Amino acid sequence: MSRTPYIGVVGPGEASAAELESAEEVGAGLASLGAVVVTGGLGGVMEAACRGARSRRGRTLGILPGEDREAANGWVEIAVATGLGELRNGLIVRACDALVAVGGGHGTLSEVALALRLGRPVIGLGTWAVHGVDEVTTPAEAVEHVARQLAQ
């Protein structure tokens, strides 16, 4: 891929310790690939992925549900306040070349479904078992899978 890849990392705002650790590792790995890490900009998996990316001096983009950019977690480099609530999930997916889902609730499921509908590669790490999601078991596998997708 000749341009900078934008990779979404999605998952619950209220995440388990294991999900947070995985998301942080995924974010760091994606930054090492030179990707912009795109999230919903809030807490939980979103914050952990951003923290991981910034730990490797990566770039982060948070697409927020509310109208206040200040609501973004402290690891978001560029915050976009949409005022769209959960509808912003579609913007996250449309902004990305691929999606990594870490854990997840119904919001994550909507992002996975939208990404699949748009033909975006979706890598799942402990997330919904949905046809079309490439399931992996470690953050390193998730990053390797993204790297393979980008090389195509």
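**Exercise 1.** Which residue in β7 is the bridge partner of L125?

*Solution.* The model is predicted: local features need pLDDT of at least 70, side-chain atom pairs count only at pLDDT 80 or more, and totals for chains, interfaces and linings use all residues. Residues are numbered from 1 along each chain as its sequence is written, and side-chain values use heavy atoms, with hydrogens and water left out.

Step 1. Locate the strands, which are DSSP runs of E with at least two residues, just as helices are runs of H or I with at least four, numbered from the N terminus. Strand β6 covers residues 122-125, and β7 covers 134-136.

Step 2. Examine the pairing, for which DSSP must find at least two bridges between two strands. β6 and β7 run parallel and are joined by three bridges.

Step 3. Read off the partner: L125 is bridged to V136.

**Exercise 2.** Describe the sheet and identify its edges.

*Solution.* Step 1. The open sheet consists of seven strands with parallel pairing, in the order β4-β3-β2-β1-β5-β6-β7.

Step 2. β4 (78-81) and β7 each have a single partner strand, so one side of each has no neighbour in the sheet. These two strands are the edges.

Step 3. On average, neighbouring strands are turned by 25 degrees against each other, direction ignored. Axes here are lines fitted to C-alpha atoms, for helices over the stretch in contact, and angles run from 0 to 180 degrees between N-to-C directions.

**Exercise 3.** Determine how α2 is placed and which of its residues are buried.

*Solution.* Step 1. Helix α2 (residues 45-55) lies across β1, β2, β3 and β5, at about 165 degrees to β2.

Step 2. Buried denotes under 20% relative accessible area, exposed over 50%, and partly exposed the range in between (1.4 Å probe, protein chains only). The buried residues of α2 are V45, M46, A48, A49, C50, G52 and A53.

Step 3. Their cover includes β1 (6-10), α1 (17-32), β2 (36-39), β3 (59-64), α3 (88-95) and β5 (98-102).

Step 4. Just after α2, R57 adopts a positive phi of about 60 degrees.

**Exercise 4.** Is T108 buried or exposed?

*Solution.* Step 1. T108 belongs to helix α4 (residues 106-117).

Step 2. Because its relative accessible area is 3%, T108 is buried.

Step 3. Contact requires heavy atoms within 4.5 Å. Leaving aside residues up to four places away in sequence, T108 touches V10, G11, P12, A101, G103 and T127.
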